[in-house]
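These notes are meant for someone opening this model for the first time. Please keep the sequence and the structure side by side while going through the points.

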Amino acid sequence: MKGWKWLKQTGMFGLAVLFFIVVMTFSFIYWQDQSDHSSAPQETPEPVGQPPAFVDGKYEPAAVLTTVGHLYPDIEFKNGEDLQNNVLSRILEDKLGIRVNYLWTTTGDEDVYINKLNTSIATGQPLPDIVSFKGGQNLYPLLRSGAFRDVGPLFELYASPKWKAAMAQAPEAWDRYTVNGKRMAVPILDGKMNSNEVLYIRQDWLDKLGLKAPSTLEEMERIMEAFVREDPDGNGIDDTYGLSISLKNSFFSWMSDAGFVFGAYGALPDIWNEGADGKLSYGSVQPSIWEGLTTLKRWMELGYVPKDAEIVGEIQAAEAWAQGKIGMIVAPLWAAGWPLGNVTKNVPDASFDAYPIPVGPEGLSGTRGTPSEFGAIAINADMENPEIFFNYMNFVYDNFVDPPPGSPYRWGIAEGYDYGYVDGKPTLRESDVPGGLADPQKYLLSLSLPSVPNLLSESIARINSGTSDLTSYDIKNKLLRTPQELKGWKIVESNPGVYKTDSFTGAPTPTMEKIGDALDELLHDAMLKIVYGQEPVSSFDRVVARWHSLGGDKMTDEVNEWHASLGKTR
């Protein structure tokens, strides 16, 4: 009664005070819950609503799974198909009873896709059941938006034994998508060593000029000089380059890479490297970066690399190779097929081969390795039956990734698309398939065929060793891999210490989220100015000092705090 009397006496002021107390109380409870959730035990999720009937491995009637998509440059269609309606969508609806509906698609840079997702969330537009992406720091606002759910308990509940066994081979794949102790997206696993890089060289140019492949950076420079000055394509025009690189997004790229130049002096830029003391340090601010910049600056001045390296993306730089104007390129193993193999289509009598990454003056070498994942899939917090997505991916792992003997998918997903037959034998050659190839793996929700991490490397090892009792998976791999790629695998397997990946695999630290992009841009712009002769190499010391003072030191402390915690969380 006293409270009521006080409220009557104070009028609107008292009512406002009471409202304030109520709001603050609930806010405190909410934020306390938010701060404690990382240590709270995870509960087994319960499907919401009446689940669709899944009988004998198929939904009857068909279950609908909504998503959105991005048309990456390597996606091709045939027979008038598109991302919504194609041979894969028909197989999945027929065999599994799942119909995938795309709410929208985007083209161009993947940033267009991520930005459209962020806009959808910010404006309250309907979101799909699942969202797939290839990574990048700009996805973390999505994962922290509250629009997506913790997938860890769902994976434990619904993933098939094959999928779980694959994930167990690369538990670190979860790190990048773990936010505040919760697994906010399912990693898309890559094959061990699949994207490791080698040096591809125009073999016909080497042979024409009487040269041997380089083993050192110094020898590589002499070959580039010949490729630029001695008209290796024989057209009488000064239009060839020694090496194709892309510097637009990074000095450590997944294609058309320049990172190996820095690796020859001991540090790789744009990633965190583990030192002898077990601590992580950012590669781009190490003293040896000077030497890599000096080398690239000299190559730019001598015309060994195209002047447009700062504005062309990774695929664009590889296209210059495919058009026959480039003598060397550092690229992933699989690139020997696409896009590098296009040079043999565009240039009569062109040939190329794979070689080891050259070493620097002290015998050092280093280049890009293969992370354990190449993207992830997030699940809408409001999706009533997330098991539909897991049944989709279970089907992919059980039937497409490593098909059992006699499987209709042992040579590919669909005859006439990713494989064909010649005289009763399977073929993966473009010219042997009427209408050419169009790979349905690119239409998967996982953006490509996911992997069992060790499966591919073990298969390639059997192929390269000449083992006679190859599995159907091995035979398909042998058909799929070019001779250059198979040689590249031998190079990679014999030089494991050359290949480096980012030692920081966690979600962005607080400083990274606030100013990480700005700090990277600071370094990237400074490096470009040096390579293009706009600033002396000595100017880099001042930029590095600014990086440390503006937040680099704090970010390094946060990264090492994360690194020290790994033993407790894995």
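Which residue in β14 does Leu 199 stand opposite? The reply comes in point 2, after a word on the model.

1. This is a predicted model, in which local features need pLDDT of at least 70 and side-chain atom pairs count only at pLDDT 80 or more, while totals for chains, interfaces and linings use all residues. Residues are numbered from 1 along each chain as its sequence is written, and side-chain values use heavy atoms, with hydrogens and water left out.

2. Leu 199 stands opposite Tyr 355 in β14. Strand β9, residues 197-202, pairs with β14 in the antiparallel sense over 4 bridges, where two strands count as paired if DSSP finds at least two bridges between them. Helices (H or I, at least four residues) and strands (E, at least two) are DSSP runs, numbered from the N terminus.

3. The open sheet to which these strands belong has 4 strands in the order β10-β13-β9-β14, with mixed pairing. Because β10 (241-244) and β14 (352-355) stand at the edges with a single partner strand each, one side of each is left without a neighbour in the sheet. From one strand to the next, the twist averages 25°. Helix α11 (residues 314-322) lies across β9, β10, β13 (326-332) and β14, and runs at about 135° to β13; here axes are lines fitted to C-alpha atoms, for helices over the stretch in contact, and angles run from 0 to 180 degrees between N-to-C directions.

4. Helix α10 (residues 289-302) and helix α17 (residues 510-531) have axes that come within 8 Å and cross at roughly 45°. The two helices α10 and α17 are therefore oblique to each other, given that angles under 35 degrees count as roughly parallel, over 145 as roughly antiparallel, 65 to 115 as roughly perpendicular and the rest as oblique. On the α10 side, Ile 289, Leu 293, Leu 296, Lys 297 and Met 300 meet Met 527, Ile 530 and Val 531 of α17, contact meaning heavy atoms within 4.5 Å.

5. The structure holds 23 aromatic pairs, a pair being rings of Phe, Tyr and Trp (its six-membered ring) with centres within 6.5 Å, called stacked when the planes are under 30 degrees apart, edge-to-face when over 60 and tilted for the rest. One of them joins Phe 155 and Trp 174, edge-to-face at 5.4 Å centre to centre with 80° between the planes. Since Phe 155 lies in helix α5 and Trp 174 in the loop between α6 (161-168) and β6 (178-179), the pair ties together parts that are 19 residues apart in sequence. Both Phe 155 and Trp 174 are buried, that is, under 20% relative accessible area, with exposed set at over 50% and partly exposed in between (1.4 Å probe, protein chains only).

6. The rings of Trp 163 and Phe 390 have centres 5.7 Å apart and planes at 40°, so this pair is tilted. Trp 163 lies in helix α6 and Phe 390 in helix α13 (residues 387-401), so the pair ties together parts that are 227 residues apart in sequence. Trp 163 and Phe 390 are both buried. Ring pairs link a cluster whose members include Phe 155, Trp 163, Trp 174 and Phe 390.

7. Leu 154 sits in helix α5 (residues 152-158) and is buried, with a relative accessible area of 1%. Although 233 residues separate Leu 154 from Glu 387 in sequence, the two are 7.8 Å apart in space, C-alpha to C-alpha.
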